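Q: Please take a close look at one part of this structure for me: the disulfides and what surrounds them. Keep it brisk and go residue by residue where you can.

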Amino acid sequence: MFPTSNHSSVTEFILVGFSSDPTSNRILFIIFLLLYLCSVLGNGLITILIYLDSHLHTPMYFFLSMLSLLDMGYITTTVPQMLVHLLSSSKLISFAGCWLQMYVFGALGLTEAILFVVMAYDRYVAICFPLRYMLILNWNLCVRLVAGTWASGFFFSLIHTVFTMRLPFCGPNIVNHYLCEGPSVRSLACMDTHLIEMVDFVMSIFMVLGPVTLILASYIRITMAILKIKSTQGRYKAFSTCASHLIVVILFYAPGIYIYMRPNSSYSPERDKQISLFYNVFTALLNPMVYSLRNKDIKAAFIKVVVQNRVS
């Protein structure tokens, strides 16, 4: 039986962040502010371009716009608060605020993890069944797939958050992290968390290794289909189409697997903070760069919008 939060004497947490030195914090503030603005502007631009250009109204770009929206929400869940704490002497977050941040952060992260599976399926259909692409991935199916990813992400994050935040916290209340992430908060519980760790591990197998397996299976089939293409130019174009997706998937999943699929005994606060930045901040920043720099359609849509604005 899991203990309830009524057993907790802690009503707020202190998020340590990265440094206690004011000068270092001011430098970090500028760095993370620039990273945040670039990420939001980049992902926002992709979303707007896909909305404005009718040539981008295809399943592939619909899923990409959903990824951009998720990235904007994902980074906004953590970075603005981090920026405030970098300049403030108080680094407090209420118990309810910690609960909410953990839930939304986990929900958006899990939703993105499942969305990558949907995007891999999209590339599989596009390359293996090009003539039936729009017939198989019709808009009704696309909307249902996206709705399913959001529902699954928010549901499983609720389970993870409830199990973690119902633990008794008797003090200390110092979280050696820049956000309320499950493993870092769980390490403060004044009881044996082995059972909670097992629940998290089983969920991680289902929500992390499951999607990774499906993505690998999709790309094995894609690779087999590409190798059957006779022209070198055709193979290059097909591989290029999938390369950006694979880059983003690796950057997102690798650190996530390390954080959530290892025992609590190997918890290392300083290392975990740095690794969390990869799938929280840097992936959200790199997504628009990877997809825009390697995508002729996105660049064409951007030029088209700029030219139209100049003419008008």
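A: Start with cysteine 98 and cysteine 180, which form a disulfide with their sulfur atoms 2.1 Å apart. This is a predicted model, so every value here is computed from predicted coordinates. The pair bridges distant parts of the chain. Cysteine 98 sits in helix 4 (residues 95-128). Cysteine 180 sits in the loop between strand 3 (174-175) and helix 7 (182-186). The two are 82 residues apart. The torsion about their S-S bond is about -120°, so this disulfide is left-handed. Cysteine 98 and cysteine 180 are both buried.

In total there are 2 disulfides. The other joins cysteine 170 and cysteine 190, again with the sulfur atoms 2.1 Å apart. Its S-S torsion is 50°, and the link is right-handed. Cysteine 170 lies in the loop between helix 6 (139-165) and strand 3, and cysteine 190 in the loop between helix 7 and helix 8 (194-227), so this bond ties together parts 20 residues apart in sequence. Neither end is buried: cysteine 170 is partly exposed at 45% relative accessibility, and cysteine 190 is partly exposed at 37%. Counting bonded cysteines along the chain, the pattern is 1-3, 2-4.

Cysteine 38 is partly exposed, at 45% relative accessibility. Cysteine 142 is buried, with a relative accessible area of 0%.

Is glutamate 181 buried or exposed? At 2% relative accessibility, glutamate 181 counts as buried, because the cut-off for that label is under 20%. Leaving out residues up to four places away in sequence, glutamate 181 touches Met102, Phe105, Ile259, Tyr260, Ser276 and Tyr279.

Helix 4 has 34 residues. From its first C-alpha to its last it reaches 50 Å, close to the 50 Å expected at 1.5 Å a residue. Of those 34 residues, 27 are buried, so helix 4 is largely enclosed by the rest of the structure.

The largest nonpolar core has 67 residues. Phe63, Leu64, Leu115, Phe116, Ile215 and Tyr253 touch the most other members. Helix 4 gives the largest share of this core, 13 residues. Take leucine 115 as a case. Beyond residues up to four places away in sequence, leucine 115 touches Phe63, Met66, Leu67, Leu70 and Thr149. Another core, of 16 residues, lies apart from the largest one; Phe13, Ile93, Met165 and Leu167 are among its members.

Empty space is the next stop. Rolling a probe the size of a water molecule over the atoms shows where such space is left. The structure holds 2 cavities of 30 Å³ or more. The largest cavity contains about 330 Å³ of space. Its lining has 18 residues, and Gly106, Gly109, Leu110, Val208 and Tyr260 lie nearest its centre. Helix 4, helix 8 and helix 9 (232-260) are the elements that give two or more residues to that lining.

Phenylalanine 239 is found in helix 9. Phenylalanine 239 counts as partly exposed, at 36% relative accessibility. Not counting residues up to four places away in sequence, phenylalanine 239 touches Thr223 and Ile226. The C-alpha atoms of phenylalanine 239 and isoleucine 222 are separated by 8.9 Å, and the two residues are 17 apart along the chain.

Last, an open space. The second largest pocket has a volume of about 190 Å³. It is lined by 13 residues. Nearest its centre lie Gly42, Leu45, Ile46, Pro288 and Ser292. Helix 1 (22-52), helix 10 (269-293) and helix 11 (296-311) each supply at least two residues of this lining.

To return to the bonds: the link of cysteine 98 and cysteine 180 is left-handed, with both of its cysteines buried. The link of cysteine 170 and cysteine 190 is right-handed, with cysteine 170 partly exposed and cysteine 190 partly exposed too.

Terms used
Residues are numbered from 1 along each chain as its sequence is written. This is a predicted model: local features need pLDDT of at least 70, side-chain atom pairs count only at pLDDT 80 or more; totals for chains, interfaces and linings use all residues. Side-chain values use heavy atoms; hydrogens and water are left out. A disulfide is a pair of cysteine sulfur atoms within 2.5 Å. Helices (H or I, at least four residues) and strands (E, at least two) are DSSP runs, numbered from the N terminus. Buried means under 20% relative accessible area, exposed over 50%, partly exposed in between (1.4 Å probe, protein chains only). The expected span of a helix is 1.5 Å times one less than its number of residues. A nonpolar core is a set of buried Ala, Val, Leu, Ile, Met, Phe, Trp, Tyr and Cys residues joined through side-chain atoms within 4.5 Å. Contact means heavy atoms within 4.5 Å. On a 1 Å grid over the protein atoms alone, a cavity is a set of points where a 1.4 Å probe fits but cannot get out, and a pocket is an open set with protein on both sides within 12 Å along at least five of seven lines; lining residues have an atom within 4 Å of a point. Grid points are joined across faces, edges and corners, and a volume is the space filled by probe spheres set on the points.
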